[in-house]
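Biologist: I would like to go through this structure feature by feature. Please give the general idea each time, then the case at hand.

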Amino acid sequence: MTPERALYVYAAVPGDAALDALRGVGDEPVGVLSADGLGLVVSEVTTADLAAVTDESADPRLVGDLAQRHDLVVRAVAASAGATLPFRIGTVVTDRQAAYRFLGSRAAALRSGLTHVAGCDEWGVTVREGGAGQADPDDTPTAESGTAYLMRRRQHFQRLEQRRRAALELVAQTEAALGELAADTVPGRGQQGLLLDRAYLVRRDEQSRFVAALDRCGDRLAADGFVLRVTGPWPPYSFTVADLEVTADE
Amino acid sequence: MSPEPRSKYAVTPARAGGQSSGSLADILERVLDRGVVIVGDIVVGVVNVELLTLKVRLLVASVDTAKEMGIDWWMNDPSLSSKAARERDQLQAENRELRSRLEALERSLGQAEPS
């Protein structure tokens, strides 16, 4: 049976983390449960309310609201608590005992995860084709001979190939420049049509240099008609430890 | 607080802890399939992420300013975007046309060959 009230989990933090007053999902107050030098940022939630978000007939905007509230809390926590491991949106544990049990049984993994992201922010970086320079050959004159047509197609594909090589080289340069300044990096979700899609974990004391590198790379890419797009700084959403399984007998 | 260095290529005024967070699409991209996942008996229910993703796509498809929201992963997916579907149809039509032109060329070349 699903209990009606449960705990929504936003993030893991060091146990001594202090939070400002904060309202979470369902406008419930957010607090920290601490044990063994670790903390879980939680708020109470009525499970039926949360389940309603994915109900077929529910307004999809509810998902947007949930995501924004989740992000707002994680963001605020990251700003005041220092090291922060964000949890997947919609993670709910049964009660405080369960939360403490989780902290106790997975302390080592959580600690190493927190150490990994301490003092760092995440930056999202993508590069895409700027739209120009891809133009297909213009409309075929009707009187064109077969040979002329094939020549024109060949030139077109040669241009595409040159463009592809230029893109590869510029993206490699960008990856090298940014990777050098980052503590860690992971691929993004692999959107179609992107030449580069990565998340970078950057120490705050490297942030100025990282931003300067972004601008240099962006200028270089723009000169050739490619578009750099940067989001961040984010809490380290993409740099969290893998699944943390907890079984019944723990 | 020291001023935040900010890339001129940054699209979101995101500042960890700030009230103005990133665009909804950017946020969704980060919170949907990332973050620590707990599996086991203590979990009541991680919101069904597949269903959530589906709903997000519905949400995004219903927003006129989707493109301004920044990310366009749904726009490249013909099942989600009429623009992508249009582009796919155009591509298919172009392919058909090119194939028929090629066949015509090959036919005329064949005829021109001395027999």
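**Strands, a helix contact and cysteines**

Modeller: In chain A, strand β2 (residues 30–35) pairs with β3(A) in the antiparallel sense, over 6 bridges. Keep in mind that this is a predicted model.

Biologist: Which residue stands opposite S34(A) in β3(A)?

Modeller: S34(A) faces G39(A) there. The hairpin of β2(A) and β3(A) has 2 residues between the strands, and D36(A) takes a positive phi near 55° in that hairpin.

Biologist: How many bridges join strand β1 of chain A to β3(A)?

Modeller: Strand β1 (residues 5–14) and β3(A) run antiparallel and are joined by 9 bridges. As one case of this pairing, A11(A) has V41(A) as its bridge partner in β3(A).

Biologist: Is strand β3 of chain A mostly covered or mostly open?

Modeller: Burial is judged from relative accessible area, with under 20% counting as buried. Strand β3 spans residues 38–46 of chain A, and 8 of its 9 residues are buried, which leaves the strand mostly covered.

Biologist: Which residues of α2(A) and α1(B) meet?

Modeller: From α2(A) come G64(A), A67(A), Q68(A), H70(A) and D71(A), and they meet L24(B), I27(B), L28(B) and V31(B) of α1(B). By class, the residues of this contact are 5 nonpolar, 3 polar and 1 charged.

Biologist: How is chain B built, from the N terminus on?

Modeller: The elements of chain B follow the order α-β-α-α, that is, 3 helices and 1 strand. Of the 115 residues in chain B, 39% are buried. For contacts in chain B between residues at least 6 apart in sequence, 26% join residues at least 24 apart.

Biologist: Last, the cysteines. How many disulfides does a search of the whole structure find?

Modeller: A disulfide is a covalent bond between the sulfur atoms of two cysteines. The search over all chains finds 0 disulfides.

Biologist: Why do C120(A) and C217(A) count as buried?

Modeller: The cut-off is again under 20% relative accessible area. C120(A) counts as buried because its relative accessibility is 3%. C217(A) also counts as buried, because its value is 10%.

How values were computed. Residues are numbered from 1 along each chain as its sequence is written. Chains are lettered from A and ligands numbered from 1 in the order in which they are written. This is a predicted model: local features need pLDDT of at least 70, side-chain atom pairs count only at pLDDT 80 or more; totals for chains, interfaces and linings use all residues. Side-chain values use heavy atoms; hydrogens and water are left out. Buried means under 20% relative accessible area, exposed over 50%, partly exposed in between (1.4 Å probe, protein chains only). Helices (H or I, at least four residues) and strands (E, at least two) are DSSP runs, numbered from the N terminus. Two strands pair if DSSP finds at least two bridges between them. Contact means heavy atoms within 4.5 Å. Ala, Val, Leu, Ile, Met, Phe, Trp, Tyr, Cys and Pro count as nonpolar, Asp, Glu, Lys and Arg as charged, and the others, Gly among them, as polar. A disulfide is a pair of cysteine sulfur atoms within 2.5 Å.
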